[in-house]
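Here is a structure to question. Each label used for it is set against its cut-off.

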Amino acid sequence: MDFLSIFDEKTPARAAAQVPHPKVRSPQWDFSDYKFESPNPDATENNVFRRAYLIGLSLLFPDGERFFIRAVKRYADQIDDPQLKQDVKGFIAQEAQHGRQHELLNEKIFGSRYEVNSFLKNWNAFAFGFLEKFAADYLPYGGGKLEVAVTAAAEHFTAVWGTSALKSESFAKFDSQSIKNLIYWHAIEEIEHKHVAFDVMRHVDANYFLRTGAMVVTAALIGSLSLWGFAHIFRQEKNVDYLQVIRSFGYEAFNKDGMLRQFAIAFVTYFKPNFHPSDTDDRELFAEFSKLVDASIEKVA
Ligand SMILES: [Fe+2]
Ligand SMILES: [Fe+2]
């Protein structure tokens, strides 16, 4: 007997009807209403701290999401549950769309003001040219289970961030409607598919140590990569209001919906034995915003 199997986790009891399933939306925003500065002093466009972390994350999304797709796709044929099979297709389609929209925004808008190419090249070379290959060749469970467990952990973070983005006062204060649409669309889809990579991982290996070990790796990676992206943009800023930076950082670190605080809570919660992302009930918030998002997009299937 494999002694690690004593740490196998139970299947959580949960009504399938309680979980939303990924829908495929095909937005066509061109972000031409986005300006780096706004005459409205309250607009989030004028906040260099928020701008740097939004751009930093946006630069990580396309290649990061393509990695998630690779990790889940590897096991797609082994899934026999028809609903999960369908959800995997939805997950892949949604992440591909996120990558496309963020890539457009990165190239067309953010790249017109900031030097973004060296960061894109360097983080890509580090994460996929080196780390992904190293994991596949040398790490235990690398080249399969580890990648899907890292994806499950990363998707837990993106779903929790999605929830805090929907509640965030500062995101609601963007003047640009297309940026708000993009944030809310991405956020609700992260909530909608939060169980998918997790359930694929459980199907492959429902082991506590694989799941939480991958979480430690993922938290360190996401933490350092997003800090790297933030710093790359922030150091290109010329007029920085440091008081505003400290205030915004304080909100993200200490407010109950702040992204850094939510990141820490998401990390700790993941260590609960038999944890499942669908244990967090965000259906009310999801219902409110998914209606708004669907109304802003013509093609929803
Ligand atoms: Fe995504
Ligand atoms: Fe996702």
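Q: In what order do the elements run from the N terminus on?
A: They run α-α-α-α-α-α-α-α-α-α-α. The tally is 11 helices and 0 strands. Helices (H or I, at least four residues) and strands (E, at least two) are DSSP runs, numbered from the N terminus.

Q: What are the ground rules for this model and its numbering?
A: The model is predicted: local features need pLDDT of at least 70, side-chain atom pairs count only at pLDDT 80 or more, and totals for chains, interfaces and linings use all residues. Residues are numbered from 1 along each chain as its sequence is written, while chains are lettered from A and ligands numbered from 1 in the order in which they are written.

Q: How do you know that the radius of gyration agrees with a compact globule?
A: The radius of gyration is taken over C-alpha atoms, and the globule rule is 2.2 Å times the number of residues to the power 0.38. For 301 residues the rule gives a value near 19 Å, and the protein has 19 Å, so the two agree. Along its principal axes the C-alpha trace spans about 65 × 40 × 35 Å.

Q: What makes Glu-147 buried?
A: A residue is buried if 20 or more other C-beta atoms lie within 10 Å of its own, exposed if 12 or fewer, and partly exposed in between; C-beta atoms are placed from the backbone. Glu-147 has 25 other C-beta atoms within 10 Å, so Glu-147 is buried. Glu-147 is found in helix α4. Across the protein, 37% of the 301 residues count as buried.

Q: Why is Gly-111 called partly exposed?
A: Gly-111 has 15 C-beta neighbours inside 10 Å, so it counts as partly exposed. Gly-111 lies in helix α2. Beyond residues up to four places away in sequence, Gly-111 touches Asn-106 and Val-116. Two residues are in contact if their C-beta atoms, placed from the backbone, lie within 7 Å. Gly-111 and Ile-55 are 56 residues apart in sequence and 9.8 Å apart, C-alpha to C-alpha.

Q: What share of contacts between residues at least 6 apart in sequence join residues at least 24 apart?
A: The share is 86%.

Q: What makes Ile-79 partly exposed?
A: Ile-79 has 18 other C-beta atoms within 10 Å, which means partly exposed. Ile-79 is found in the loop between α1 and α2. Leaving aside neighbours within four places in sequence, Ile-79 contacts Leu-84, Lys-85, Val-88, Val-200 and His-203. Asp-199 is 120 residues from Ile-79 in sequence and 9.8 Å from it in space, C-alpha to C-alpha.

Q: Which residues touch the most other members of the largest nonpolar core?
A: They are Val-72, Val-148, Ala-149, Ala-153 and Ala-197, in a core of 60 residues. Elements giving two or more residues to this core include α1 (48–73), α4 (145–167) and α7 (196–204). α1 gives the most, with 14 residues. A nonpolar core is a set of buried Ala, Val, Leu, Ile, Met, Phe, Trp, Tyr and Cys residues joined through C-beta atoms within 7 Å. Setting aside neighbours within four places in sequence, Ala-197 contacts Phe-68, Val-72, Phe-91, Val-148, Thr-151, Ala-152 and Glu-155.

Q: What is the reach of α6, and what do its buried residues pack against?
A: α6 has 16 residues and reaches 22 Å from its first C-alpha to its last, close to the 22 Å expected. Among its buried residues are Ile-179, Leu-182 and Trp-185. The buried residues of α6 pack against α2, α4 and α11.

Note on methods: The expected span of a helix is 1.5 Å times one less than its number of residues.
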